[in-house]
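Trainee: I'm new to this one and would like a close look at a single part of it, along with what surrounds it. Could you walk me through it slowly?

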Amino acid sequence: MEFLIFSAVAAIAIAAGLLMVLQRNAMYSALFLVVVFFCLAVIYILLGAYFLAVVQVAVYAGAIMVLMLFVIMLLNVAWPEPDDRVLGLLRPLGATAAVTFAMLMAWALAGTPGLPSPLPGTSLPVGAAMTLGRVGEAQAGHVQEVAVTLFSKYLLPFELVSILLLAAILGASVLARKRPDHA
Amino acid sequence: MTFALPALDWWAIAPMLVLVLTGCATLVAELVRGDDAGRAPLAWLTVAGASVSGGIALGQWDDPARLAFSDMVSSDRFTLFFTVLFLVVTCVTVLFAFEQLRREDFHPGEFYPLLAFSTIGMVLMAAAADLVITFIGVELLSICLYILVGFSRRRREPEESAIKYLLLGSFASAFLLYGIALVYGSTGTTSLACVGRALGAPGGLVGACEGAVATGSVATGMLLAGIGLLVVGLGFKAALVPFHSWAPDVYEGAPTAITAFMSVGVKAAAFAALLRVFLVAFPTLAPDWSVLLAVVATVTMVTGNTVALFQRNIKRMLGYSSIAHAGYLLVAIVAASHAGAASLLFYAVGYAAMNLGAFAIVVVLGRAGEERVAISDYAGLSQRQPLLAALMATFMFALAGVPPTVGFVGKFYVFSAAVDAGYVWLALAGLASSVASAYYYLRVVYQMYMVDPKEVVASHSPHRWVSLVATVAGFAVIALGVFPGGIIGVATASTSFVR
């Protein structure tokens, strides 16, 4: 049952991801991205990470996507058609690179003992199994588990991210200040 | 569930804490002082903060090496070495920017805090004992740089550079993150030392490795794929070929101060991270990745030096030259030995001296609104500014690797480490391409000494601080070339974790 749900959701996520990249209309791309986010949330639930799933939907599918859609609508960009002479050269190159990369990844994963299955209970690489096991143990309080980990083991990275966000805010204010000067 | 705060070893991260305070202080000071009043004080505040931070780092030199904050960062001589190097680069950048801010009417209130925060990012990349910290360091540095690259009100090219850097940089970050995920998936840990232990590396500073797989039971295919992606992500920051395409455009479009900062500081930070990751986490896989890196190093050296031959803009030329130097630095990692690691640290210092010196001359010769960056602008410089011309010639000779400068000694250490590791062909390729590089470096010297000036340019008094930087760098280039022993000793002591 779990495997069925996982396969279905993973397939939808991959399809939506591809559609997102292939769409020419930015609006459709954004909507397909929402689908990807929802599929990821379901996968998080399957892995027992309920808190992450909720955050995924609330923050990414909710807040950030609404913001992106607003920006797209406000800017109302008319995308210029890509120059086919340039793309004509790049397309086969990009396709070759993508196929080579996919084959390399397939080779890497195939050469891995005990892979691939991201679901608990089935065959797993040792490292991943242990990680999943740890999530599984704390079925009772996922938010607590996340919070304790965040404020003990990952205290320093957690605080550093706040500097990162401060830098991002500063950057946004620099960009906002620039606009009138060019007008 | 019980909750215990981890041991808070504030002293271990004190240099970074001072930088955080410095960044916040400049931010607030600008608000208090008003828009235009605080220009010089902000610069001095940043320099003062960086000096205090560097002083603390020097004071920690004899502290025992240890992991801090739940094994997230390592406080050892390697971290301190790079911390001091980064802080010197930051101070020099402030002096460059001070000159440029006055000329180009930048807004300093965000510039100095962003510079301080990006320095924290670089220190984190060198100090990281965990891939999570490596990633946060890279991101902190990158986000600050995306803004700093486009930091000009008068000109348009900086914005184009910034958007190019942002798009490609985000891509590179995704590769880095994917690589980290694959390493975690195959080893069950993101701690560098624990990954190393799972791969059978001899001990060292290892923390608690809960969740890590037992030694010898690592999924190798996935791990190698992860290592490949890490090379892409960090190679982008270091501007290694073929992940270099952004570098010349960004170096040309960015304000010269930031170009200098990126070509020296950011590159050194990327190599510090590469060295940490590859020689702490993956030393036992060296036979696998060193061939890959050797090929990348060869391509980088040859491409950088070849394309630099055709540049007419000095910032672009220095951009391609810095790509070539990234190749030389990578040779030191390919060697995967203690001597190689020490030679990387030495080369990073020498490269900082000669490249910052060269950029100081570029800054001095620039003027408001017009940067004077064509190589032909240097024609006849020896007649107008004999001291500047002599200094520039010194830096060009050093970059070309002519003895008795630090450029020669650095290359000597790097290539002999490669030969000791059995990479004779790599050393030969490096030597051949650095001989070719002499042509474009010496062309600048030729312009300065052999060509008459085309026009009489109103000579304006050079900025004294930037001239001071150029003079000090000139002395350092010669002094380190003649007496390399001191720095090599410090570099050797800083890399004792490499076996």
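Leaving out residues up to four places away in sequence, which residues does Glu139(B) touch?

Mentor: Happy to. First, the ground rules. This is a predicted model, in which local features need pLDDT of at least 70 and side-chain atom pairs count only at pLDDT 80 or more, while totals for chains, interfaces and linings use all residues. Residues are numbered from 1 along each chain as its sequence is written, chains are lettered from A and ligands numbered from 1 in the order in which they are written, and side-chain values use heavy atoms, with hydrogens and water left out.

Now to your residue. Glu139(B) touches Leu164(A) and Ser173(B), once residues up to four places away in sequence are set aside; a contact means heavy atoms within 4.5 Å. Glu139(B) sits in helix α5 of chain B, residues 131–149. Helices here are DSSP runs of H or I with at least four residues, strands are runs of E with at least two, and both are numbered from the N terminus.

Glu139(B) is buried, yet it has no salt bridge. Buried means under 20% relative accessible area, exposed means over 50%, and partly exposed lies in between, using a 1.4 Å probe and protein chains only. A salt bridge needs a side-chain nitrogen of Lys or Arg within 4 Å of a carboxyl oxygen of Asp or Glu. For Glu139(B), the nearest side chain of opposite charge is Lys237(B), 6.5 Å away; for charge, Lys and Arg count as positive, Asp and Glu as negative, and His and the chain ends are not counted.

For contrast, let's look at charged residues that do pair up. Over all chains, the structure holds 7 salt bridges. One of them joins Asp62(B) to Arg77(B), with 3.1 Å between the closest N and O atoms. This pair links distant parts of the chain, 15 residues apart: Asp62(B) is in the loop between α2 (39–59) and β1 (66–68) of chain B, and Arg77(B) is in helix α3, residues 77–104. Asp62(B) counts as exposed because its relative accessible area is 64%, and Arg77(B) counts as partly exposed because its value is 29%.

Another salt bridge connects Lys164(B) with Glu160(B), their closest N and O atoms being 3.3 Å apart. These two are 4 residues apart in helix α6 of chain B (residues 157–187), so about one helical turn separates them. Both ends are partly exposed: Lys164(B) has a relative accessible area of 29% and Glu160(B) has 47%.

Arg316(B) is buried at 17% relative accessibility, whereas Glu252(B) is partly exposed at 29%. Shared partners join Glu160(B), Lys164(B), Asp249(B), Glu252(B) and Arg316(B) into one salt-bridge network.

Next, the nonpolar interior. A nonpolar core is a set of buried Ala, Val, Leu, Ile, Met, Phe, Trp, Tyr and Cys residues joined through side-chain atoms within 4.5 Å. The largest such core has 189 residues, and Phe82(B) and Phe282(B) touch the most other members. Helix α13 of chain B (residues 338–365) gives this core its largest share, 21 residues. Apart from neighbours within four places in sequence, Phe82(B) contacts Ala126(B), Ala268(B), Ala272(B), Leu344(B) and Leu345(B).

Chain A has 7 helices and 0 strands. Of its 183 residues, 27% are buried. Among contacts in chain A with a separation of 6 or more, 50% involve residues 24 or more positions apart. Its accessible surface comes to about 11,700 Å², 77% of it belonging to carbon and sulfur atoms; accessible areas come from the Shrake-Rupley method with a 1.4 Å probe, and for residues only the protein chains shown count as cover.
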